[in-house]
Amino acid sequence: MSSKPEVLISCHTFEEVLEHARAHFTVIDSQNTPAHTPAELRARAAGMQGILLTGTDRVDQAFLNACASIRAVAISAVGYNTIDVDACTARGVLATNTPGILDDTTADLGFALILAAARRLGEAERYVRAGRWTHWQNDLLLGRDVHHATLGIVGMGRIGQALARRARGFDMKVCYHNRSRVPAAEEAALDAQWLPLDELLANADIVCLCLPYSSAVHHLIGAREIALMKPTALLVNIARGGIVDDAALADALAEHRIAGAGLDVFEGEPALNPRLLGLDNVVVVPHIGSATRATRVKMGLCAVNNLRAALSGETPPNLINPQALAVRRAQ
Ligand code: GLV
């Protein structure tokens, strides 16, 4: 009988990641199970010591009640709103994430959505594919300039800063809102000006959301905030569903109260507000911010390293809930 800890990997992963995991654990993989219901996840994780979590799978009270043997939860993502961290801490379950690995890849996608929304790439592609391109037209699919526009970044963490660096190449003016201002030297290096949120919304030509989700920022961007934006402005969300009130956004886009949006994340994803799909002035992609093979492999390997440390009595490098160590010691 193997003495390796047993670990469930809750979603598809890459062969390199599986191999690394198998070197340390007895692994139950999900290569042929692309999605679980919460009950299926509980059933598969029962009796395991660890879970490597991805996608929309949740570790909540119900999961922890059903899977009392779980000692460590490693999410292969930077955002960990699918983990009930307090519930993990109360049980001495160590929870980890994968920060710092996906910043550039996610900022690239942010810029892709900025360009796609500004230059109407979704519409343009649909136009060509539908066989509607019959002659050159001076005023066909006119977009908005990204260069020299004002970019308002909400959430100036690592991803927000990576976006600001990209904006320099487009000669953009950058303003940002963050709970705390970034240190003056970094602000100067990024050439970014801190603004109160309402002021940023009123001034920016493009607003890009880069902040982590918590209940405190649920519907941070709702009808009132969208109404502050210019009618020519674009909203880009590469952060998390739930930060934007998608119904209010659909209303504003349908009535052309803002010019467009580029969205990687949605409330209740993978379901999304069906009204968004009927609108031409929104570009929608399926939560692919970190989706390059190189980055996803690095994230998977990092999650395995976190799990390995957590399950062998070490402090994992990316521990979200250090308080759980004391709870564990007292158990
Ligand atoms: C992706 O959304 C992540 O949080 O890593």
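**Close-up 1. Ala72 and its bridge partner in strand β5 of this predicted model.** Start with Ala72, whose bridge partner in β5 is Leu94. Ala72 falls within strand β4, which covers residues 72–75. Strands β4 and β5 run in the parallel sense and are joined over three bridges.

**Close-up 2. The open sheet of five strands.** Stepping back, you can follow the strands in the order β2-β1-β3-β4-β5, with parallel pairing. In general, the strands of a sheet pair through backbone hydrogen bonds, either parallel or antiparallel. Which strands sit at the edges of this sheet? They are β2 (26–28) and β5 (94–96), and each of them pairs on one side only. From one strand to the next, the twist averages 15 degrees.

**Close-up 3. The largest nonpolar core, with 35 residues.** Look for Leu151, Ile153, Leu163 and Ile206, the members that touch the most other members of this core. Two or more residues each come from α5 (103–118), β6 (150–154), α7 (158–168), β7 (173–177), β9 (206–209) and β10 (234–237). Helix α5 gives the most, with eight residues. As a rule, nonpolar side chains in soluble globular proteins tend to be buried together.

**Close-up 4. Leu151 and its contacts.** Which residues does Leu151 touch, leaving aside its neighbours within four places in sequence? Leu151 is in contact with Ile114, Leu163, Ala167, Met172, Lys173, Val174, Cys175, Ala204, Ile206 and Cys208. Another core, of 31 residues, lies apart from the largest one; its members include Leu200, Leu201, Ala252 and Phe266.

How values were computed:
Residues are numbered from 1 along each chain as its sequence is written. This is a predicted model: local features need pLDDT of at least 70, side-chain atom pairs count only at pLDDT 80 or more; totals for chains, interfaces and linings use all residues. Side-chain values use heavy atoms; hydrogens and water are left out. A nonpolar core is a set of buried Ala, Val, Leu, Ile, Met, Phe, Trp, Tyr and Cys residues joined through side-chain atoms within 4.5 Å. Buried means under 20% relative accessible area, exposed over 50%, partly exposed in between (1.4 Å probe, protein chains only). Helices (H or I, at least four residues) and strands (E, at least two) are DSSP runs, numbered from the N terminus. Contact means heavy atoms within 4.5 Å. Two strands pair if DSSP finds at least two bridges between them. Axes are lines fitted to C-alpha atoms, for helices over the stretch in contact, and angles run from 0 to 180 degrees between N-to-C directions.
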